[in-house]
Amino acid sequence: MKAMKYAVAASLIATAPLASAQQLSIATGGTGGTYYPLGGGLAEMIGKHLEGYEAVAEVTGASVENMGLVWRGDSDLALALADTVYQAYSGTGDFEGRQLENIRALASVYPNAVQIVTLADSGIESLSDLAGKTVSVGAPGSGTELNARALLEANGITYDDFDPRRLNFNETADAIRDGDIAAGFWSVGPPTSSIMNLATTRDIRLIGLSDEEVANAREEVSVFAPYELRAGLYEGMEEGVQSIGIPNVLAVSSEMDEELAYQITKMLFERTDELIEVHPAANDTTVEFSVNSTPIAFHPGALRYYEEIGAEVQDHQRPE
């Protein structure tokens, strides 16, 4: 609720008419995930700390859609999963034949965790138990669906093996609660409000991955990494659960003004405490995490900040 309060407040602040301020659009995701409150927090920070700018967080279909919004200039900044960003940047995967060459990164802000949720009494305890069930794989055009498909196919499971539904986070939680589907995928920074709300009304189980399933997934998607969902993350979750994580990238167009890119990057890392107040996922927003995990070239303005503070930037993160 606190995260939603901040996001709504940011939206209200950002839409206040200021003739002298340039308004920036931040493409996020659905209201039940982490992108929207974090985007709202970032929008509030821009309006508060960057003179001459206001910003608003926009609800979108998340990662895949967000890349197109930045590429076309319909959004100035966007949050997206690292594999989606890399595919757009390199013209591979879902972006084969339509490379978005102007995509650049300001930072990787936190890791997502793939979270597979079912009711505690569903009898589903592993990936293989999804066979023959009705399962939400995420909203159309979302990074959640990309991650779900990659994880499943890397472990020999295709959409032909179950009944896939493409629902956003809130719709997935509601459908599990109502018994309309057996399980659902989230790829989002934990904890996330839609799962938290579900756990207050139903006893839930998070489906863990075996070491082999994690290894298979990492072979399929190089930016996947092992990630443990800690005990107590959601109500009734008494033990940790092994899953996979993937970085979330704050992306912009190469055409963004260099000074603006520099100032946003500097603000992000030097005022991180303000984002942590919005959502605990921002505890992972560090320069070290960003330079270790960002899979594409940084915008020259962001690169200037990293070099200024002495961060070790990798070769692939420098624009050609």
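Reader: How many aromatic pairs does the structure hold?

Author: The structure holds 7 aromatic pairs. Keep in mind that this is a predicted model.

Reader: What describes a pair of aromatic rings?

Author: Two quantities do: the distance of the centres and the angle of the planes. Take F169 and W186. Their ring centres are 6.3 Å apart and their planes meet at 15°. Planes under 30 degrees apart count as stacked, so this pair is stacked.

Reader: Which parts of the chain does the pair of F169 and W186 tie together?

Author: F169 belongs to helix α6 (residues 169–178) and W186 to strand β7 (residues 183–188). The pair therefore ties together parts 17 residues apart in sequence.

Reader: Is F169 buried or exposed? And W186?

Author: Buried means under 20% relative accessible area. F169 has 16% relative accessibility, so it counts as buried. W186 has 0%, so W186 counts as buried too.

Reader: Where do F269 and Y305 lie?

Author: F269 is in helix α9, and Y305 is in helix α12 (residues 300–308). They are 36 residues apart, and their pair links distant parts of the chain. The rings are stacked, with 6.2 Å centre to centre and 5° between the planes. Both F269 and Y305 are buried.

Reader: Which residues do ring pairs link into a cluster?

Author: The cluster consists of Y262, F269, F298, Y305 and Y306. Y262 also has a charge over its ring: R304 lies over the face, 4.1 Å from the ring centre. Elsewhere, R149 lies over the face of Y159, at 4.2 Å from the ring centre.

Reader: How should I read helix α9?

Author: Start with the general idea. An α-helix has 3.6 residues a turn, so residues three or four places apart point the same way. Now the length. Helix α9 (residues 258–270) has 13 residues, which at 1.5 Å a residue should span 18 Å. Its end C-alpha atoms are 18 Å apart, so the two values agree.

Reader: What caps the N-terminal end of α9?

Author: D257 does. A side-chain oxygen of D257 lies 3.1 Å from the backbone nitrogen of E259.

Reader: Which residues in α9 are buried?

Author: Among them are L260, A261, Y262, I264 and T265. M267, L268 and F269 are buried as well.

Reader: Which residues is T285 in contact with, leaving aside its neighbours within four places in sequence?

Author: V109, L268, F269 and T272. T285 sits in the loop between α10 (272–278) and α11 (287–293). Its relative accessible area is 5%, so T285 is buried. A polar atom of the T285 side chain lies 2.6 Å from the backbone oxygen of V109.

How values were computed. Residues are numbered from 1 along each chain as its sequence is written. This is a predicted model: local features need pLDDT of at least 70, side-chain atom pairs count only at pLDDT 80 or more; totals for chains, interfaces and linings use all residues. Side-chain values use heavy atoms; hydrogens and water are left out. Helices (H or I, at least four residues) and strands (E, at least two) are DSSP runs, numbered from the N terminus. Buried means under 20% relative accessible area, exposed over 50%, partly exposed in between (1.4 Å probe, protein chains only). A polar contact is a pair of N or O atoms within 3.5 Å; within protein, one must be able to donate a hydrogen and the other to accept it, and residues adjacent in sequence count only if both atoms are side-chain atoms. Contact means heavy atoms within 4.5 Å. The expected span of a helix is 1.5 Å times one less than its number of residues. Rings of Phe, Tyr and Trp (its six-membered ring) pair if their centres lie within 6.5 Å; planes under 30 degrees apart count as stacked, over 60 as edge-to-face and the rest as tilted. A charge sits over a ring if NZ of Lys or CZ of Arg is within 6 Å of the ring centre and within 35 degrees of the ring normal.
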